[in-house]
Amino acid sequence: WRVDGKLDRDALATRLMRRAAQYDKSGDGHYNLISALHKSVRGSDPDAALYWFTRMLEGGEDPRFLARRLTRMAVEDIGLADPQANGICIDAWETYERLGSPEGELALAQAVVYLALAPKSNAGYVAYKAARAQAKQTGSAPPPKHILNAPTRLMKDEGYGSGYQYDHDAEDGFSGQNYFPDDVKRPVYYQPVERGFERELKKRVDFFAGLRAKRQG
């Protein structure tokens, strides 16, 4: 430091070299540390997660990058086991945008702790990938005619909308009709786990599956 409190060229070069040695934001160090943070959150270890989070901050990482990755962790590794997790991340991100560094970094750190301690499920992520894969394979299959609208007489004559059952008029508000293309065998994408809020969702999945089997009899 100079006497007036400003960095001279040599001091600035020394600080930049030290920071570069600690953390390379464009190299393997960057990807290794974000991987360590992600896996610590997935492994429900808040202390390790905070360690890698602060390591990245100390290395000069953009907190907005960390906010984005934390939000990804919420939807990928926690999902519907804790539906609040995504909102916690978005709120922390917004708080950071309003406060900036260093104050806003605390909101992100609290999101790290929340994610690490939240129940974990990738059931929604797995279901999304499976549905996406089948959509690519069967992308030309039309919806069954009974769920198509029939705004013209010709469409009605061709069977559009014929046999559609309005779910609100059905027992339990559930008709159990088929909504997949006629030539696509009904798959099961979403299989919730017995953790967190997905316990409740699993009950609902099983309830509707039982009714569907009964109604399609």
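Tutor: We begin with the pocket: on a 1 Å grid over the protein atoms alone, a pocket is an open set of points where a 1.4 Å probe fits, with protein on both sides within 12 Å along at least five of seven lines. The model is predicted: local features need pLDDT of at least 70, side-chain atom pairs count only at pLDDT 80 or more, and totals for chains, interfaces and linings use all residues. Residues are numbered from 1 along each chain as its sequence is written, and side-chain values use heavy atoms, with hydrogens and water left out.

Student: Which residues line the largest pocket, and how many of them are nonpolar, polar or charged?

Tutor: Lining residues have an atom within 4 Å of a point. Here they are F180, R186, P187, V188, Y189, Y190, V205, F208, A209 and R212. Ala, Val, Leu, Ile, Met, Phe, Trp, Tyr, Cys and Pro count as nonpolar, Asp, Glu, Lys and Arg as charged, and the others, Gly among them, as polar. The lining therefore divides into 8 nonpolar, no polar and 2 charged residues.

Student: Which residues of α9 are called buried, and why are they said to line one face?

Tutor: Buried means under 20% relative accessible area, exposed over 50%, and partly exposed in between (1.4 Å probe, protein chains only). E198, L201, L211 and R212 are the buried residues of α9. Seen down the axis of α9, they fall within an arc of 145°, taken from the directions from the axis to the C-beta atoms, so they line one face. K203, A213 and K214, on the other side of α9, are exposed.

Student: Which residues of α3 are buried, and what do they pack against?

Tutor: In α3, P46, A49, F53, M56 and L57 are buried. Their arc is 100°, so they too line one face of their helix. They pack against α2 (28-42), α4 (63-78) and α6 (103-117), where contact means heavy atoms within 4.5 Å.

Notes
Helix = DSSP H or I, 4+ residues; strand = E, 2+ residues; numbered from the N terminus.
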